[in-house]
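Please look at the sequence and the structure together before reading on.

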Amino acid sequence: MELDPDEVLIMDSGRLPITYQEGKLRSINGRLYLTNKRLVFEPSRFQSIVGSFQLSTGSGTGYVEIPLESIESVEKGFMAHIKVRAGGREYSFKGMRGAGRWVASIEEAIHSAESTEGAARSAGERPAMRYCPYCGSPVNPDDIYCSNCGRKLPKA
Ligand SMILES: [Zn+2]
C-alpha cells in the first residue's frame, strides 16, 4: 500500500488472517490499514480480489478503499469483528485483534479529519476584518455606510 504525501498511517493489522466480507458472497483474507484519510484493505498475495469479485471501490488498485468521509458508522461486533457502514454499504472485518481499539481509532480518525477540514475551510473563507475609521465599529466588507455612526466608509 502506498500513502499519499500528506497521509499518515495510524494502524496496521499486520499479517493476521483478517477476513473482509461484503454481503454473503464476498469474503477474502488480507490486511487492514487505517490512515488519517481512509481505511484500506489489501488482499493477501495469493488471493485475487479481482478474480473473486468485482471491486466496488478502489477498482484497479486491487484494494478495498473506504475514505473516512464516506464512513457513516463503525461498530464492534461479536468477538474480533468490526462492522463499517460507508456509502450505503456494509463491510465486515473479522479476526481483528484489538477490535475495540480499532473502532475507537477509526472514530477518532474520522473526527480529526472532519475538524481539520472544517478549520481549513473557515480559515480560507474568513474575510479580512474591517472597522469603521471614525467610530471603530466592525463593519461588513461590502458596507458603504457605517451601521453604527452612519458615516460613509472609505472604499475597501
Ligand atoms: Zn462608524
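**Salt bridges and core**

R31 is buried, with a relative accessible area of 17%, where buried stands for under 20% relative accessible area, exposed for over 50%, and partly exposed for what lies in between (1.4 Å probe, protein chains only). This is a predicted model, in which local features need pLDDT of at least 70 and side-chain atom pairs count only at pLDDT 80 or more, while totals for chains, interfaces and linings use all residues. Residues are numbered from 1 along each chain as its sequence is written, and side-chain values use heavy atoms, with hydrogens and water left out.

The side chain of R31 meets that of D12 in a salt bridge (2.8 Å, N to O), a term that requires a side-chain nitrogen of Lys or Arg within 4 Å of a carboxyl oxygen of Asp or Glu. Because R31 lies in strand β3 and D12 in strand β1, the pair ties together parts that are 19 residues apart in sequence. D12 is partly exposed, at 32% relative accessible area.

Elsewhere, D4, D6 and K37 are linked in a network of salt bridges: the closest N and O atoms are 3.7 Å apart for D4 and K37, and 2.8 Å apart for K37 and D6.

The largest nonpolar core has 25 residues, and those with the most contacts inside it include I82, F93 and W102; such a core is a set of buried Ala, Val, Leu, Ile, Met, Phe, Trp, Tyr and Cys residues joined through side-chain atoms within 4.5 Å. The helix α2 gives the most to this core, with 6 residues, helices (H or I, at least four residues) and strands (E, at least two) being DSSP runs numbered from the N terminus.
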